[in-house]
Amino acid sequence: QKRAQDANLESYMSFRLCDITDRKNVMDIFLSTKENTNYFVYGLHCCGGLSEAAVDLALTLGAKFFCVSTCCFRSNDHLACLSKLADTMASSSSVVTKLPKMQTEVAIDINGDETMVAGKNSQYYSEQVEHHIDDRDMVSSLAVLVGSHGQHRGIHVLNDMRLTAAKYKCQLEGKYTLKCWQEAFPVKYSVQNRILVGTLQTNKP
């Protein structure tokens, strides 16, 4: 905020301190802004699940652009909504691919918080979710193991999973089309050097 004042940008910017887990309060803040506002979401070294919360906020707002620098992968798990959605995606795709004729109903919570499965294949879904969670946990451990041979591959894979889940969420909701990719900056500045970048376009009715 001080830097904005020094650059004479104070009249173009506002600053709010809030808890991102309080979604109602966060949305009240943003929705109280002027109409026709273009949203841009930036995050600098958002630790663990905070990266996912930042991307999810961009999707909720229909932000024109987001740029989130990720950091760590084993913290703020309560905010890791995209990872939880990815777990659900893995279980659903497995059943559709392997057992296309089985009669099973699945209800997906759009925030990835909960999966409800009804029918005789519930145990199969549960097992697939557990397998995916275990795999994700192992890759997360690799991604934070500084200096390990596969650290950067682990970081890349986990961020790709996050973006895939974000695109899936947009497809389910049908309001926006998401184009997203990863960027990187020189590792000399940080070993956690991957950035999630995306643009959202409103779908025509």
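This is a predicted model: local features need pLDDT of at least 70, side-chain atom pairs count only at pLDDT 80 or more; totals for chains, interfaces and linings use all residues.
Figure 1. Once the neighbours within four places in sequence are set aside, the residues in contact with G49 are S75, N76, L79 and A80. A further pairing across the sequence is that of G49 with C81, which stand 32 residues apart along the chain while their C-alpha atoms are 7.5 Å apart in space.

Figure 2. N76, one of the residues that touch G49, is placed in the loop that runs between strand 2 (65-71) and helix 4 (81-98). The phi angle of N76 is near 50°, which is a positive value in a residue other than glycine.

**Figure 3. N8 in the loop between helix 1 and helix 2.** N8 is found in the loop that links helix 1 (2-6) with helix 2, and its phi is positive, at about 60°, although the residue is not a glycine. The relative accessible area of N8 is 65%, and because exposed residues are those over 50%, N8 is classed as exposed.

**Figure 4. Packing of helix 2 against helix 3.** Two packed helices are described by the angle between their axes and by the distance between those axes. For helix 2 (residues 23-31) and helix 3 (residues 49-61), the angle is about 50° and the axes are 12 Å apart, and the two helices are therefore oblique to each other. The crossing in which helix 2 passes helix 3 is right-handed. Which residues of helix 2 meet helix 3? On the side of helix 2 they are R23, V26, M27 and F30, and their counterparts in helix 3 are A53, D56, L57, T60 and L61. Sorted by class, this contact of helix 2 with helix 3 comprises six nonpolar residues, one polar residue and two charged residues.

**Figure 5. V144 in the loop between helix 5 and helix 6.** V144 is located in the loop between helix 5 (122-143) and helix 6 (151-173), and with a relative accessible area of 31% the residue is partly exposed. Apart from neighbours within four places in sequence, V144 is in contact with C72, F73, R74, Q151 and Q192. The C-alpha atoms of V144 and G154 are 8.5 Å apart in space, and the two residues are separated by 10 residues in sequence.

**Figure 6. The whole chain, as context for the close-up views.** The chain contains six helices and six strands, which follow one another along the sequence in the pattern α-α-β-α-β-α-β-β-α-α-β-β. Among the contacts in the chain with a separation of 6 or more, 64% are between residues 24 or more positions apart. The accessible surface of the chain amounts to about 12,600 Å², and carbon and sulfur atoms account for 54% of that surface.

Notes. Residues are numbered from 1 along each chain as its sequence is written. Side-chain values use heavy atoms; hydrogens and water are left out. Axes are lines fitted to C-alpha atoms, for helices over the stretch in contact, and angles run from 0 to 180 degrees between N-to-C directions. Helices (H or I, at least four residues) and strands (E, at least two) are DSSP runs, numbered from the N terminus. Angles under 35 degrees count as roughly parallel, over 145 as roughly antiparallel, 65 to 115 as roughly perpendicular and the rest as oblique. A crossing is left-handed if the near helix is turned anticlockwise from the far one by less than a right angle, and right-handed if clockwise. Contact means heavy atoms within 4.5 Å. Ala, Val, Leu, Ile, Met, Phe, Trp, Tyr, Cys and Pro count as nonpolar, Asp, Glu, Lys and Arg as charged, and the others, Gly among them, as polar. Buried means under 20% relative accessible area, exposed over 50%, partly exposed in between (1.4 Å probe, protein chains only). Accessible areas come from the Shrake-Rupley method with a 1.4 Å probe; for residues, only the protein chains shown count as cover.
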